[in-house]
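Colleague: Could you walk me through how to read the cavities and the sheet in a model like this one?

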2 protein chains.
Amino acid sequence: MNAIILSIGDELVLGQTVDTNSAWLSQQLASVGCAVRSHITVGDDQRAIEEAMDESVGRCDFLVVTGGIGPTADDLTRQALAAVMNVPLELNESWLASVKEFFKQRGRTMPESNSIQAMIPRGARILLNQNGTAAGIDADYISGDQKTVCRVFVMPGVPSEMKAMFARDVLPVIRQASAGAVILSRTLHTFGVGESAVAEMLGEQMMRSRNPSVGTTVSNGIVSLRVNARFDSRERAAEELERAVEACRGKLGDLIFGSDDVTLQQAVAERLAASRTTVTTAESCTGGLLAKMLTDVPGSSDYFKTGFITYANEAKYERLGVSMEMLNVYGAVSEHVVSAMARNARRLAKADYALAISGIAGPSGGSESKPVGTVCIALAFPPLPPGEGRGEGARKGQESSVAARTFLFPGDRAWVRDRSAKMALTMLRFHLLNKPLPF
Amino acid sequence: MNAIILSIGDELVLGQTVDTNSAWLSQQLASVGCAVRSHITVGDDQRAIEEAMDESVGRCDFLVVTGGIGPTADDLTRQALAAVMNVPLELNESWLASVKEFFKQRGRTMPESNSIQAMIPRGARILLNQNGTAAGIDADYISGDQKTVCRVFVMPGVPSEMKAMFARDVLPVIRQASAGAVILSRTLHTFGVGESAVAEMLGEQMMRSRNPSVGTTVSNGIVSLRVNARFDSRERAAEELERAVEACRGKLGDLIFGSDDVTLQQAVAERLAASRTTVTTAESCTGGLLAKMLTDVPGSSDYFKTGFITYANEAKYERLGVSMEMLNVYGAVSEHVVSAMARNARRLAKADYALAISGIAGPSGGSESKPVGTVCIALAFPPLPPGEGRGEGARKGQESSVAARTFLFPGDRAWVRDRSAKMALTMLRFHLLNKPLPF
């Protein structure tokens, strides 16, 4: 079973609205094993709509259409569908009564223009709309030679109305038709290694012909693997999905920080919570971004109490006690300075860990030896793991061991700041795993 | 002149990623008078990509393709384009050298798989990618009978890389080709007042039939007016656009903080730079987000030196000297406490202004009297404007006047934090304008 999703609206082809319906519908269809061949978007133009419908009906089992069924002159989807089906539009009396009732309940009389919303192609069925006046349409397209059959669903473009209608009246039909076949997916997230390096580690796992299939995507520096398992039964799909996910984990190990909706900051938060430890931050070029990420997570007050933003050199001296001599000799962007920032922040905040970042985010400020994108990151941590002969003093801030690294991140100011904060989180994550940074 | 936008990626047809590129591209194309016929999305499937390309080239002057040019086996756009053009892929030595250099600068060797990224269809040209290894492609499709000619641009799916490439190398070509009918647009941004209230203030300005037209959109709490002027000549369009923009400014006044790409933080940064003043931050629930926003702007070191993140009560006491008595009596989320935070942060940082935020971002922590979304914000500022009889001591931190307000923001944790930081920036912006907050 497969489907094509057709979205209609000038606001979409003019780029004034981002089409989120198609992504939502694709997820829903995949969840019942119906593959989506393509998304098509056209404006409020009857010929364009007819053309798109005409070409789609021969290529899919289900054509899922959204938009263009409002009451105004630029809503032309029902007219286009009737033309493609080669049948007239007919008034559906019972829906007309519902629309009139809808207005009456709001103390108003139905404007004449709304009566078009009760017109559907002959032979089609109404899909009830419990949240508005635009009824949906459920129609069987059958070509003149009877060779092409496609079930067409038309729904409103308003996401809330569309979703309610789809869930109640469309999804059950498609689920039944695709009886059995299911696509189950899992997404695994990594940070720190490029897309091609991840692909190389995965090797044959990514071969195009495999099922489950494994593909990679990159978003804001996070390289994610999408594992899709397509099988006749949910049990089989679930089993094969797990097997493929395990195979990926075997190849990438701890590079994978989480799956599906888990963010890097959540992964770090979980480890901090599990070890009942706290972290503080000392930020220069990221200017609060790292602390913001750490506090994105609900309940972050358990592991994050305070942070330092020391953008100027004087602030590094006055707030964190980094000596002006060190700042002058090594420069603010140096492993010496970030190490001192981390060590002192850890002591001042009485935290178990401190992350410090200082770098050149750009666009200006770069030099030959320290180009834009140069970022130093340090992690201060207790000198010995808990329970190995040191008292609370050693754990909470007093004595620190420090690991510092220098990175060169590509991209613009926002990229450099984002990658810097994520790399700092990654350094802490590997430390909490008691493993060296793998890159 | 017209265009079709083709987006490629399994993550799109599976609904795992919402396609925002097509909307952005549509806006850009409309701005130079190039109508977008349709958007088409297909998965990482060479036959599907070829089919979509094959059908599109005969229907548009420009085919704008994004995605599928990464280094891995599921990136098939360049292969599909070569097949549709009926030419072989050839190695572009100069781009291969650039890719190798990209890796070398990062101290790594180019994985063999990346060399595919230097392959383009014979006769096509490279579109430079300054932010990654995926070069774009600029190709002329000419059908066997020479009747169909279409210029095809292929760009990466990663939005930042795509946008930079499109702006530099694609848009100028299309602009020149579409000389004549023009749509010129301006977007004006406001924060603090709801969309329907903005629409009410605009009144007849928003009537559907007008040209220039005015529409509103909302994104992350920013209510924006989009003004589109569509005329036969660029001069006329520019003139009418200015007139409509002025009319909107007349109705909304200082609620408008900027236009087009200007962010709220940039608007505030400009005012701080103009007055050569500095600001510091004292953040509880926003955990660094406000400072992050202030340092988003290049050159922010001129007005931002340091900030305080005091998430826990002890941090408010230890770092900012807010008395434990005040914290106990009024609670951390109170105008008393944020006022003290702002006053003390301003003194410690020796800044001209200090913004302090304390609130309940949720999901837990709310109560009957202070539900989730309750946020107190304070601005500490010099007691008298510069030049009115106070010395440097009064200006830089010593004596403060403080204005505090309590807000109730709707939405989830991320929303509440985002709106809180934006409201703090807005309080400072109106103070710098020497005007009361208009809501």
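Colleague: Which strands of chain B each supply at least two residues of the lining of the second largest cavity?

Modeller: Strand S13 (279-283) and strand S14 (304-310) of chain B do. Bear in mind that this is a predicted model. The lining consists of B:Thr278, B:Val279, B:Thr280, B:Lys305, B:Thr306, B:Ala349 and B:Ala351. By class, that gives three nonpolar, three polar and one charged residues, around a volume of about 30 Å³.

Colleague: And what lines the largest cavity?

Modeller: There are 15 lining residues, and A:Asp19, A:Thr41, B:Asp19, B:Ser22 and B:His39 lie nearest the centre. Both chains take part: helix H2 (21-31) and S2 of chain A, together with H2 and S2 of chain B, each supply at least two lining residues. The cavity holds about 140 Å³ of space, and its lining divides into five nonpolar, eight polar and two charged residues.

Colleague: S2 turns up in both chains there. How should I read the sheet?

Modeller: Strands of a sheet pair through backbone hydrogen bonds, either parallel or antiparallel. Here twelve strands form an open sheet with mixed pairing, in the order S6(A)-S7(A)-S8(A)-S3(A)-S1(A)-S2(A)-S2(B)-S1(B)-S3(B)-S8(B)-S7(B)-S6(B). The edges are strand S6 (125-127) of chain A and strand S6 (125-127) of chain B, each pairing on one side only.

Colleague: In which sense do S1 and S2 of chain B pair?

Modeller: In the parallel sense, over seven bridges; B:Ser7, for instance, has B:Thr41 in S2(B) as its bridge partner.

Conventions. Residues numbered from 1 in each chain as written. Chains lettered and ligands numbered in written order. Predicted model: local features only at pLDDT ≥ 70, side-chain atom pairs only at ≥ 80, totals over all residues. Heavy atoms only, no water. Pairing = 2+ DSSP bridges. Helix = DSSP H or I, 4+ residues; strand = E, 2+ residues; numbered from the N terminus. 1 Å grid on protein atoms, 1.4 Å probe; cavity = no way out; pocket = protein on both sides within 12 Å on 5 of 7 lines; lining within 4 Å. Points joined across faces, edges and corners; volume = space filled by probe spheres on them. Nonpolar A, V, L, I, M, F, W, Y, C, P; charged D, E, K, R; others polar.
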